[in-house]
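Reader: Hi, could you walk me through this one?
Author: Happy to, here it comes.

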Amino acid sequence: MRGRHLDTYSMYKRGIRDYIHANDKEQDSVRFLNGVSKDIGNPSWKRSLRHVLVATLSSFLFGYHLGVVNETLESISHDLGFHGNTMAEGLVVSTCLGGAFVGSLFSGLIADGVGRRRAFQLCALPMLIGSAMSAISKNLWGMLLGRLFVGTGMGIGPPVAALYVTEVSPASVRGTYGSCTQIATCLGLMGALFIGFPAKETEGWWRVCFWVSAVPAAILVLLMEFSAESPHWLFKRGRGADAEAEFEKLLGGPYVKGAIAELSKSERGDEADTVKFSELLYGRHRKVVFIGSILYVLQQLSGINAVFYFSSTVFKSAGVPSQSANICVGIANLLGSFVALLFVDKLGRKVLLIGSFSGMAVAMGIQAASASALVVSSNEVYFSVGGMLLFVLTFAMGAGPVPGVLLSEMFPGRIRAKAMSVCMAVHWGAAKNLK
């Protein structure tokens with residue numbers, strides 16, 4: 001009996017060592033692929049920048065569709081006949097979140113099946129269709145169906161963008177490029193707010209707001225035809241020559257042979273298509289997937305989506321003009337994202353996350369104080385609005401951009417796409433249930 005326990009313990013230790021060794025190989029490979037070499041230094045960040053910028057169009061669309069109903073929801077409810085029906089208004093928001101949950105579940109299968117470039121194009125397609133359906137809708141059901149399509153595209157986009165940025169960018173600027181996706185999301189939110197301003201004065205303007213979103217979606221589909229495919233995905237599909245060509249585009253000629261050699265070593269014996277979701281939930285990867293999922297749950301528990309969806313209503317009840325307030329929210333979000341861009345590679349992911357969540361706790365304390373007897377009634381508005389803006393600022397500094405960057409680096413290449421899809425599905429499930 002004792003010998004059997006010892007054998008089991010030895011097998012357990014060997015399994016742990018194998019897992020650590022596999023992850024170490026993966027990280028060593030990623031570092032080499034991105035040019036961390038004493039002999040030739042780091043590759044130029046300029047080579048991969050244009051490909052990353054094209055990918056951030058999906059994040060821009062993500063932000064735009066998050067914010068498009070903020071200024072237009074009142075006009076939509078009047079025109080489609082459900083004004084004053086809070087359940088119907090909530091459905092216009094939550095249906096999109098439900099579609100995002102479904103899209104995120106399939107994002108890993110799509111990214112591994114057709115490649116990262118085609119996955120971006122497939123994420124843009126339901127956004128195009130859904131935007132058109134929303135723009136021409138004559139009743140609530142037409143709007144809900146359009147929002148469902150848009151949500152599906154929103155669910156596919158973020159995990160694919162995180163994968164793509166990790167696999168095409170140099171390690172020295174990977175965090176910075178990951179923050180670019182957050183900045184694009186902020187710009188999308190601000191674009192939706194600015195375009196939606198005339199909605200309350202101009203009849204039918206909300207339809208224009210939905211039509212406008214078709215433009216960046218079409219541009220994303222077009223420009224992805226000229227962007228680099230992930231060399232990691234190409235190599236896993238047995239297309240070594242194509243992977244070399246993409247490495248040359250992204251890193252430069254001197255890095256290609258070494259990158260392919262290291263990728264070959266790290267991927268030896270790994271078959272991406274054999275990864276099952278049950279392995280992520282119950283197998284040896286379950287702990288790292290659980291940690292990633294918890295990060296996204298904490299992000300949603302912060303309540304940030306409530307700010308973006310209903311900030312107009314909140315500020316209006318506080319006596320602050322909604323347009324001015326929403327501009328301030330957008331600026332705070334953008335400033336926080338630029339702080340993350342500047343410091344994520346210098347300070348590290350952990351420092352930004354801790355600082356971000358700590359700052360949000362302070363901001364919530366300020367908002368709570370505004371409703372207490374400690375604050376003079378004439379100053380309540382300043383504390384409430386100031387606390388909300390600080391909350392958005394600190395969220396954008398870490399809790400917003402860092403989880404996507406951290407998880408795409410943390411997951412081994414063999415499970416990366418499907419593990420990201422599981423974590424994003426948890427993210428959207430939490431968003432829908434906490435709305």
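**Contacts and surface**

Author: The side chains of Glu 225 and Arg 118 form a salt bridge, 2.9 Å from N to O (a Lys or Arg side-chain nitrogen within 4 Å of an Asp or Glu carboxyl oxygen). This is a predicted model: local features need pLDDT of at least 70, side-chain atom pairs count only at pLDDT 80 or more, and totals for chains, interfaces and linings use all residues. Residues are numbered from 1 along each chain as its sequence is written, and side-chain values use heavy atoms, leaving out hydrogens and water.

Reader: Where do Glu 225 and Arg 118 sit in the chain?
Author: Glu 225 is in the loop between helix H8 (214-223) and helix H9 (231-236), while Arg 118 is in helix H4, 107 residues apart. Helices here are DSSP runs (H or I, at least four residues), numbered from the N terminus.

Reader: And how many salt bridges in the whole structure?
Author: Eleven.

Reader: Switching topic, at what angle do H2 and H10 pack?
Author: About 105 degrees, with the axes of H2 (residues 46-80) and H10 (residues 240-250) 7 Å apart. So H2 is roughly perpendicular to H10 (65 to 115 degrees).

Reader: Which residues make the contact?
Author: Arg 47, Ser 48 and His 51 from H2, with Glu 248, Lys 249 and Leu 250 from H10 (heavy atoms within 4.5 Å).

Notes:
Axes fitted to C-alpha atoms, helices over the stretch in contact; angles between N-to-C directions. Helix = DSSP H or I, 4+ residues; strand = E, 2+ residues; numbered from the N terminus. Parallel < 35°, antiparallel > 145°, perpendicular 65-115°, else oblique.
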